[in-house]
Amino acid sequence: MAGKTNNTKNDIIQLTIRKISENGSQQISLRSLLGELNLTTGAFYKHFQNKHDLFASVTQVVSNRLGRQAKQTIEGQHLEPLDSLVALGKFMVNQFDSQPYLMDFLFFNSSAINIYHSADSATKFPLLAYPQELITQIMKQYQLSGSPENLFIKIWAFIQGYGILIRNHAITFDEVLLKESAKELIGVN
């Protein structure tokens, strides 16, 4: 039981991730989480200020996990930066399709939105840091001018939107389209 371990904070975070993965974040109640872990509200408040604080922690844990998985998968293939970016897009689309509730939570909960806007978002949201690294490499490789931040927004918005369309079965995944779109957004042939 969580209350009898030294891992209470981690137990709360892991159960929250599991519950979000199963039913989305709208169904989460602190009372049910704590009941399932046999914890008191006092035990919860030793680790988190409130539900928003819990969600911020969960966002960071999920971002760390997915960022690490993506980077390990893609870097093991020894691809050029543009192909790595396409592989990241494919990885993200797959995540939207296989873990829709968790991905919705990761990108659209209010805690995540606050993290997006923080000065240290790359530290708090490592899944953002990897595509930003790739975009910087691509801009150097192709000697592109312009804002890396603007290019990141274009690419990231496309990947999220594409993932949502596939998750909702509005379209099917097409890796050629993904690569062509990335090249078009970046401005290379």
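1. Helix 4 covers residues 51-75, and its 25 residues, at 1.5 Å a residue, should span 36 Å.

2. Now look along helix 4 for its buried residues. Leu 54, Phe 55, Ala 56, Ser 57, Val 58 and Thr 59 are buried, and so are Val 62, Ser 63, Leu 66, Gly 67, Ala 70 and Ile 74.

3. Stepping back to the overall fold, the protein chain has 11 helices and zero strands. Its C-alpha atoms fill a box of roughly 60 × 35 × 30 Å along the principal axes. Of the 189 residues in the protein chain, 43% are buried.

4. How far does the predictor trust this model? The average pLDDT of the protein chain is 91, and 95% of the residues score at least 70. Confidence is highest in helix 1 (residues 8-23), with a mean of 97, and lowest in helix 8 (residues 121-124), with a mean of 69. As a reading tip, where pLDDT is low, the predicted coordinates should not be read in detail.

5. One cavity of 30 Å³ or more turns up in a search of the whole structure, and the largest cavity holds about 50 Å³ of space. Its lining consists of Leu 85, Val 86, Ile 155, Phe 158, Ile 159, Leu 178, Ala 182 and Leu 185. Helix 5 (81-98), helix 10 (148-167) and helix 11 (175-186) each give at least two residues to this lining. What classes of residue make up the lining of the largest cavity? There are eight nonpolar residues, with no polar and no charged ones.

6. The largest pocket contains about 200 Å³ of space. It is lined by 13 residues, and those closest to its centre are Gly 24, Ser 25, Gln 26, Phe 105 and Asn 109. Helix 4 returns here: along with helix 6 (100-108), it supplies at least two residues of the pocket lining. Helix 6 has the largest share, with four residues. By class, the lining of this pocket has four nonpolar, seven polar and two charged residues.

7. Most residues other than glycine have a negative phi. Gln 143, in the loop between helix 9 (126-141) and helix 10, has a positive phi of about 50°. His 169, in the loop between helix 10 and helix 11, also has a positive phi, near 60°. Are these residues buried or exposed? Gln 143 counts as exposed because its relative accessibility is 72%, over the 50% cut-off. His 169 is exposed too, because its relative accessible area of 67% is over 50%.

8. Finally, visit Arg 31 in helix 2 (residues 30-37). With a relative accessibility of 75%, Arg 31 counts as exposed. Its C-alpha atom is separated by 8.0 Å from that of Thr 41, a residue 10 places away along the chain.

Terms used. Residues are numbered from 1 along each chain as its sequence is written. This is a predicted model: local features need pLDDT of at least 70, side-chain atom pairs count only at pLDDT 80 or more; totals for chains, interfaces and linings use all residues. Side-chain values use heavy atoms; hydrogens and water are left out. The expected span of a helix is 1.5 Å times one less than its number of residues. Buried means under 20% relative accessible area, exposed over 50%, partly exposed in between (1.4 Å probe, protein chains only). On a 1 Å grid over the protein atoms alone, a cavity is a set of points where a 1.4 Å probe fits but cannot get out, and a pocket is an open set with protein on both sides within 12 Å along at least five of seven lines; lining residues have an atom within 4 Å of a point. Grid points are joined across faces, edges and corners, and a volume is the space filled by probe spheres set on the points. Ala, Val, Leu, Ile, Met, Phe, Trp, Tyr, Cys and Pro count as nonpolar, Asp, Glu, Lys and Arg as charged, and the others, Gly among them, as polar. pLDDT is the predictor's confidence in each residue, from 0 to 100.
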